[in-house]
Amino acid sequence: MSSPTPAPAGARSSRLALLVVGLCWLVVLFDGLDMFIYGSVLPHMLETKALGIDPGKAGDIGSYATFGMLLGALSSGTISDWAGRKKTIVVSTAVFSLASAVCAMAGSLGVFSLGRFLAGLGLGGLLPSAITLVSEYAPRGRGALIVGSLMTAHQAGGIVAGFVALWTGDWRVSFWICVIPLFVGVPLAIKYLPESLTFLQAKGRTEEAGALAERYGVRAPAPEEGKRKGQAGPERWSAVAALFRGGLWVQTLFFWLASFGGLLLVYGVSQWLPSMMRAAGYDLGSSLGFVVVINLGGIVGMLIGGRLTDRFGGASIGAIWFGATAIGVYMLSVHMPLPVTYVVVFLTGLFLFSAQAMIYATVAARSDDDNRATAVGWTSGMGRFGAVFGPWLGGQLLATGSTTTGFTVFAAAGVFSLIFIGLTGLTSVRGAKDTRPLPTAS
């Protein structure tokens, strides 16, 4: 009996795609839990002055974590293109899980700050690698939808963080719960997560690529193609330099600036929303409820935004999304009836998180296979400067009692990103690469 004919080169096995997306979704869920848990437990820590924390110090700690994310994101793309997507995902998950144990055991604010910085290294390293891997296995023409689906895990993690904070009522217990990925996500990823077929061929690991392709009924990229990609940059920095060749530096710069404003918004609002809403007169239960609602909106937004991005392009939809985010964040500065506020928070989350995901999906779509992880990693990494600045800025504004001004400043960041993601849609900026289909596994 003849064996089944493998699918054409670049074809996807739905089973393989589901496996990759499912496992990456799980680890990104843990990433979101760890990222949002600090903001969720912060109101209680501030009330009890745990470890001597105050709003100014809380903002500094948030910036330490996002500075760690900056370093993790900048290095992860290059490391992932060198060592592989799977190893980067596994190590990153282990790092932020162990760092949560450091936070849970911390006896001083200095040790707690160190734990958040180390967590940032893992958190920053995971997301670009996971986005790259699922993009490479995404069905043709569905890259942004797949990335959006993956990013729903991040928002689901935020929802879990809100419930964890409400359920435990103790910040140490909450951080101990964030150690669970070390015993769940890491073993599952080691055993079941496949490596990128293109990466394996580029590294000359053709037997592994062939075995993986045969197992799931797809055809691996041609060895000649993999070797060509592997020789394209004998130095890892060549993948970074490629982002600036042939006039691409303008597009690269605009993506970085859009990511700066987007992550300033994401991390500033994520960390300070409960505390700012509490300062605006809402009770603690409602303030933590807003964390759950804004992330529910984020999940819906990822699915809607991803589908629209595949159809109309990330630049145009991203500009609309950032504009709507700016309006929503500004409206939160107005004290409204609680049901109306929940609606505004939901709609703000719908646009806020998916707007940033569209930047990543568009960068992945316009990148070549041999430097896609580098392109996404550096876009995320440069955006982390905004992620560092956002929590610090929120802390300074809250320390002075300027909650209304805080919402206005964050809304302005949305307008900033609207301008630059919109500019990436110009034909003179896109260049020829924007005519390519969304990324595939080939």
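**View 1. Asp 34 is buried, with a relative accessible area of 0%, and pairs with Arg 116 in a salt bridge.** Buried denotes under 20% relative accessible area, with exposed over 50% and partly exposed in between (1.4 Å probe, protein chains only). The model is predicted: local features need pLDDT of at least 70, side-chain atom pairs count only at pLDDT 80 or more, and totals for chains, interfaces and linings use all residues. Residues are numbered from 1 along each chain as its sequence is written, and side-chain values use heavy atoms, with hydrogens and water left out. The closest N and O atoms of Arg 116 and Asp 34 are 3.0 Å apart; a salt bridge requires a side-chain nitrogen of Lys or Arg within 4 Å of a carboxyl oxygen of Asp or Glu. Arg 116 belongs to helix α4 (residues 109–137) and Asp 34 to helix α1 (residues 14–48), so the pair ties together parts 82 residues apart in sequence. Helices are DSSP runs (H or I, at least four residues), numbered from the N terminus. Arg 116 is also buried, at 2% relative accessibility. A search of the whole structure finds 1 salt bridge.

View 2. Ser 259 is buried, its relative accessible area being 0%. Leaving aside neighbours within four places in sequence, the contacts of Ser 259 include Gln 356, Tyr 360 and Gly 383 (contact: heavy atoms within 4.5 Å).

**View 3. Helix α15 (residues 338–365).** Of the 28 residues of α15, 21 are buried, leaving the helix mostly covered.

Terms used:
Helix = DSSP H or I, 4+ residues; strand = E, 2+ residues; numbered from the N terminus. Expected span 1.5 Å × (residues − 1).
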